[in-house]
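Biologist: Can you put the model up? I have some questions to work through.

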Amino acid sequence: MALFARTTFLLFTTHVGRIFVSRRALVCIALALLPALVAAAIAHFSRRIDAVEIVVYLGGIMLLQIVVPLLALIAGSAVVSEEIEDRTITYLFSRPIPRASLLFGRWLATVMFLGTILAAATALLLLAASTSKVASDPLDAALVRALFEAVLMGATVYSALFAVAGILFKSPILVGLGYTFAVEGFLANLPGGNQSLTIQYYLRSWMLERGGRAWKVDGLELDKPEAVAGVLITLGMVLAVALAFGAWRITKREFVLTS
Amino acid sequence: MSAVFVAHELGRWYGPVVGLNDLSVSVPGGVFGLLGPNGAGKSTMLKLIAGEIRPSRGTIEVLGHQPFANREYFRQLGFCPQQDALYGDMSALDLVSFLTRLHGFSAVESRRRAASALERVKLTDSMHRRTREYSKGMRQRVKIAQAIAHDPKFLVVDEPLTGLDPVARRDMIALFGELGRAGVHVLISSHVLHEVESLTEEILLLHRGRLLAQGKVHEVRALLSRHPRKVEMRARESRRLARALLALPEVSSVAVAPDGLSLSLETRDVESFFTHLPEIALAERAGIESFESTDAGLEAVFDYLIG
């Protein structure tokens with residue numbers, strides 16, 4: 001266990017320094033800034049949409065349903081697959097390290113990266129929305145806190161799922177895009193019990209339960225939201241199962257590289 | 001000396017493609033070469049030895065361990081893969097230090113070992129530059145440095161001299177010799193016979209996934225010289241030359257092309273043939289413009305050996 005913790009930490013510290021200066025990071029940052037830019041444009045030009053509506057629609061739909069899964073896909077799918085594609089995994093897997101530490105070390109670095117840029121993107125969105133000249137209730141703390149929490153939880157869970165996809169599939173980006181749009185995008189917006197099969201359902205439940213009435217709008221409201229404890233337990237279990245499965249698979253799998 | 005590497009009926013295939021088939025071998029250790037043309041199964045064997053893949057059948061033991069994902073074994077292994085892949089955004093020193101730390105050394109000790117390994121491969125002057133700025137030869141030397149920095153007991157290197165200039169080749173050959181003398185078992189894979197010959201006498205010959213021979217290089221050399229070789233020539237007086245060459249006992253056939261200038265012949269003893277050729281060419285005033293041995297490659301030799 002000490003070896004696992006030590007190796008995971010070493011891989012984390014090495015990767016976290018590299019991920020922030022990678023080309024992938026530039027793509028992620030550009031994508032993360034989109035909701036704030038749209039919010040700034042609406043706040044500047046619109047005479048009808050107030051600050052709360054901007055945050056609810058752009059935060060709840062654009063940021064949480066599109067940007068968070070896509071960023072998690074771009075960064076998360078690379079956790080292991082980048083080492084496979086770059087053929088550098090050989091250097092790591094011919095060392096006396098627990099193989100699963102590669103998944104955990106690099107995934108934790110990815111979560112830190114995603115957490116940083118998504119927290120900054122959410123803060124910029126709130127800032128941009130607050131410049132709206134349309135009179136409205138002030139942005140209350142519960143709403144803001146719920147958005148931050150949902151964004152960070154979403155980034156954590158999605159990135160773990162996509163990191164595992166990177167171990168299982170040759171083209172994790174394609175698989176991830178299929179999942180993001182077909183399962184998360186489609187299923188989460190169909191009324192009925194199917195919604196509970198998506199991560200989005202739990203993130204929206206979280207915002208509804210923790211963020212107050214502002215989130216109860218068309219496109220975000222759920223028939224039967226999950227309670228806060230249920231959200232934490234379910235997302236925690238999804239995370240644990242995904243990482244445990246990924247750890248098992250990476251330990252057993254052969255990574256046959258071709259020159 | 002106990003065997004460093006033992007395989008019994010070892011086989012590995014990728015779907016319908018056979019990488020290695022029914023290979024039984026015991027290698028006593030020291031410095032030894034793994035030789036074979038492209039597609040012979042060398043890379044598959046190295047992947048098995050480096051613990052990257054499992055056998056499809058049979059068994060393999062290296063230093064008494066089954067290699068696949070075996071941490072105890074990896075402590076003693078240094079592996080320099082063939083692929084030209086490094087972390088391009090890291091300097092050679094950072095890269096080798098990082099990989100050495102994965103062996104459990106402290107940050108300070110890893111950096112000291114990395115600097116020492118890079119010095120051994122003559123990269124000290126550029127070890128702070130990012131590896132993406134390196135030439136192919138420099139990257140090759142980084143790969144060797146990362147494989148030796150932790151003082152492995154068994155060093156496995158795949159095509160180590162590829163991309164190196166003559167001076168660097170000489171340095172690397174000296175380094176492998178030095179490691180061998182220090183008691184490190186070294187396995188060097190190559191498809192170039194003379195490359196391996198400059199490193200070791202002991203070789204394993206693979207062809208089409210099978211072990212063809214195990215032994216000394218000079219034994220293979222002997223097979224090489226007995227292998228009938230084709231020689232293509234162009235000469236002003238090719239017909240006269242052909243008649244004279246056919247009288248040599250080592251020449252089995254000669255054919256002159258319709259243009260009357262080119263001729264091709266087959267010889268059973270290429271060394272003896274090339275010894276006699278200048279004398280005959282002079283006597284016949286043949287005016288040889290060019291000549292080449294067209295099937296001197298390892299592939300041709302292996303094809304000959306397996307009949």
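This is a predicted model: local features need pLDDT of at least 70, side-chain atom pairs count only at pLDDT 80 or more; totals for chains, interfaces and linings use all residues.

Biologist: What does the secondary structure of chain B come to?

Modeller: Chain B has eleven helices and 13 strands. Its C-alpha trace spans about 75 × 45 × 35 Å along the principal axes.

Biologist: How many of its residues are buried, as a percentage?

Modeller: Of the 307 residues in chain B, 42% are buried. As for contacts in chain B between residues at least 6 apart in sequence, 65% join residues at least 24 apart.

Biologist: In what order do the strands of the open sheet in chain B run?

Modeller: The order is 11-12-10-13, four strands with antiparallel pairing. Strand 11 (251-256) and strand 13 (288-293) of chain B each have a single partner strand, so each has one side without a neighbour in the sheet. From one strand to the next the twist averages 20°.

Biologist: What packs on that sheet?

Modeller: Helix 9 (residues 238-246) of chain B does, touching strand 10, strand 11 and strand 12 (262-267) of chain B. The direction of helix 9 makes about 165° with that of strand 11 of chain B.

Biologist: And how many bridges join strand 10 and strand 13 of chain B?

Modeller: Five, in the antiparallel sense. Val231(B) has Ser293(B), in strand 13 of chain B, as its bridge partner.

Biologist: Now the hairpin of strand 8 and strand 9 of chain B. Which residue there takes a positive phi?

Modeller: Arg208(B), with phi near 50°; the hairpin has two residues between the strands. Strand 8 (residues 202-207) and strand 9 (residues 210-216) of chain B pair antiparallel over six bridges, and His207(B) is opposite Arg210(B).

Biologist: Different topic. How many residues does each chain give to the contact?

Modeller: Chain A gives 22 residues and chain B gives 24 residues. On the chain A side, helix 1 (2-19) and helix 5 (89-93) each supply at least two residues. That side has nine nonpolar, seven polar and six charged residues.

Biologist: Where does helix 2 of chain A bend?

Modeller: At Leu34(A), by about 35°, and Pro35(A) follows within four residues.

Biologist: What span should helix 2 of chain A have?

Modeller: With 23 residues (23-45) at 1.5 Å a residue it should span 33 Å, and the end C-alpha atoms are 33 Å apart, which agrees.

Biologist: Which of its residues are buried?

Modeller: In helix 2 of chain A the buried residues include Cys28(A), Ala32(A), Pro35(A) and Ala39(A). The buried residues of that helix pack against helix 3 (51-76) and helix 6 (100-129) of chain A.

Technical notes. Residues are numbered from 1 along each chain as its sequence is written. Chains are lettered from A and ligands numbered from 1 in the order in which they are written. Two residues are in contact if their C-beta atoms, placed from the backbone, lie within 7 Å. Ala, Val, Leu, Ile, Met, Phe, Trp, Tyr, Cys and Pro count as nonpolar, Asp, Glu, Lys and Arg as charged, and the others, Gly among them, as polar. The expected span of a helix is 1.5 Å times one less than its number of residues. The bend at a residue is the angle between axes fitted to the seven residues ending there and the seven starting there. A residue is buried if 20 or more other C-beta atoms lie within 10 Å of its own, exposed if 12 or fewer, and partly exposed in between; C-beta atoms are placed from the backbone. Two strands pair if DSSP finds at least two bridges between them. Axes are lines fitted to C-alpha atoms, for helices over the stretch in contact, and angles run from 0 to 180 degrees between N-to-C directions.
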